[in-house]
Amino acid sequence: MAARNQSIPVPALVLGLGGLIPFILPAIVLCLPHWSSALINSLWPFATASDNAVDPLWLAQRAVFSLGAYAAIILSFLGGVRWGNLLDNNARLREWAPLTLSVVPSLIAWPALLLPPLWMLSLLAAGLVLQYALDVEALRRKELPVWFGKLRLILTSGAILSLLGAMLSVALR
């Protein structure tokens, strides 16, 4: 399945980079909760009264949930990419290991959402790193196009940096 074209297709790059926004924004909110709260309160028309103002603690809790949920969705999506990559390979579809590896990301993501924030973010980050390692191995076996590996490196790096920033913020609270 390896493609000769090594440049990342523009739509895949643009959409992939856009997919980093839900990683980056909650991480910023977690790292700067008072600033984020003040910004939202200045832009939110209903925040004029103190009872309608966005509380930094509430905002941080929503950011942790948002980041964790999105990371879990992306991790499951990456498992789906692995499954989809097998669809035109009848021999590999009869093997247990490739299909099992395609459902493991979802089996990491779902229970991670049930954990306390620091554990949740840590497990999701570990899942993304594991999935990246599996993709690198698939690239080595020429099961994926070279451009996909380049894109995964960019996107996984952005996701992991966001999760690490959020984890540090949660740990320091």
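Q: Why does Phe23 count as buried?
A: Buried means under 20% relative accessible area, exposed over 50%, and partly exposed in between, with a 1.4 Å probe and protein chains only. Phe23 has 3% relative accessibility, so Phe23 counts as buried. The residue lies in helix H2. This is a predicted model, in which local features need pLDDT of at least 70 and side-chain atom pairs count only at pLDDT 80 or more, while totals for chains, interfaces and linings use all residues. Residues are numbered from 1 along each chain as its sequence is written, and side-chain values use heavy atoms, with hydrogens and water left out.

Q: Which residues is Phe23 in contact with, leaving aside its neighbours within four places in sequence?
A: Contact means heavy atoms within 4.5 Å. With those neighbours set aside, Phe23 is in contact with Leu67, Tyr70, Ala71, Ile74, Leu128, Ala159, Ser162 and Leu163. For Leu67, the C-alpha to C-alpha distance from Phe23 is 5.9 Å, at 44 residues apart in sequence.

Q: What makes Phe23 and Tyr70 an aromatic pair, and of which kind?
A: A pair of aromatic rings is described by the distance of the centres and the angle of the planes. Rings of Phe, Tyr and Trp (its six-membered ring) pair if their centres lie within 6.5 Å; planes under 30 degrees apart count as stacked, over 60 as edge-to-face and the rest as tilted. The centres of the Phe23 and Tyr70 rings are 5.0 Å apart and the planes stand at 70°, so this pair is edge-to-face. Phe23 is in helix H2 (residues 21-31) and Tyr70 in helix H4, so the pair ties together parts 47 residues apart in sequence. Both Phe23 and Tyr70 are buried.

Q: How is the pair of Trp147 and Phe148 classed?
A: The structure holds two aromatic pairs. For Trp147 and Phe148, the ring centres are 6.0 Å apart and the planes are at 85°, so this pair is edge-to-face. Trp147, at 18% relative accessibility, counts as buried. Phe148 also counts as buried, at 13% relative accessibility.

Q: What is known of the place and burial of Ala166?
A: Ala166 is in helix H8. Its relative accessibility is 0%, so Ala166 counts as buried. Apart from neighbours within four places in sequence, Ala166 is in contact with Leu30, Leu67 and Leu121. Pro26 is 140 residues from Ala166 in sequence and 7.8 Å away in space, C-alpha to C-alpha.

Q: What makes a space in this protein a cavity, and how many of 30 Å³ or more does the structure hold?
A: On a 1 Å grid over the protein atoms alone, a cavity is a set of points where a 1.4 Å probe fits but cannot get out, and a pocket is an open set with protein on both sides within 12 Å along at least five of seven lines; lining residues have an atom within 4 Å of a point. The structure holds one cavity of 30 Å³ or more. About 80 Å³ of space lies in the largest cavity, where grid points are joined across faces, edges and corners and the volume is the space filled by probe spheres set on the points. Its lining includes Val81, Arg82, Asp135 and Phe148.

Q: Which residues of the largest pocket lie nearest its centre?
A: Gly16, Ile74, Phe77, Leu78 and Leu155 lie nearest the centre, out of 19 lining residues. About 370 Å³ of space lies in this pocket. H8 gives the largest share of the lining, six residues.

Q: Why does Lys142 count as exposed?
A: At 56% relative accessibility, Lys142 counts as exposed. Lys142 has a positive phi of about 65° although it is not a glycine. Most residues other than glycine have a negative phi.

Q: How many helices and strands does the protein have?
A: Helices (H or I, at least four residues) and strands (E, at least two) are DSSP runs, numbered from the N terminus. The protein comes to eight helices and zero strands.
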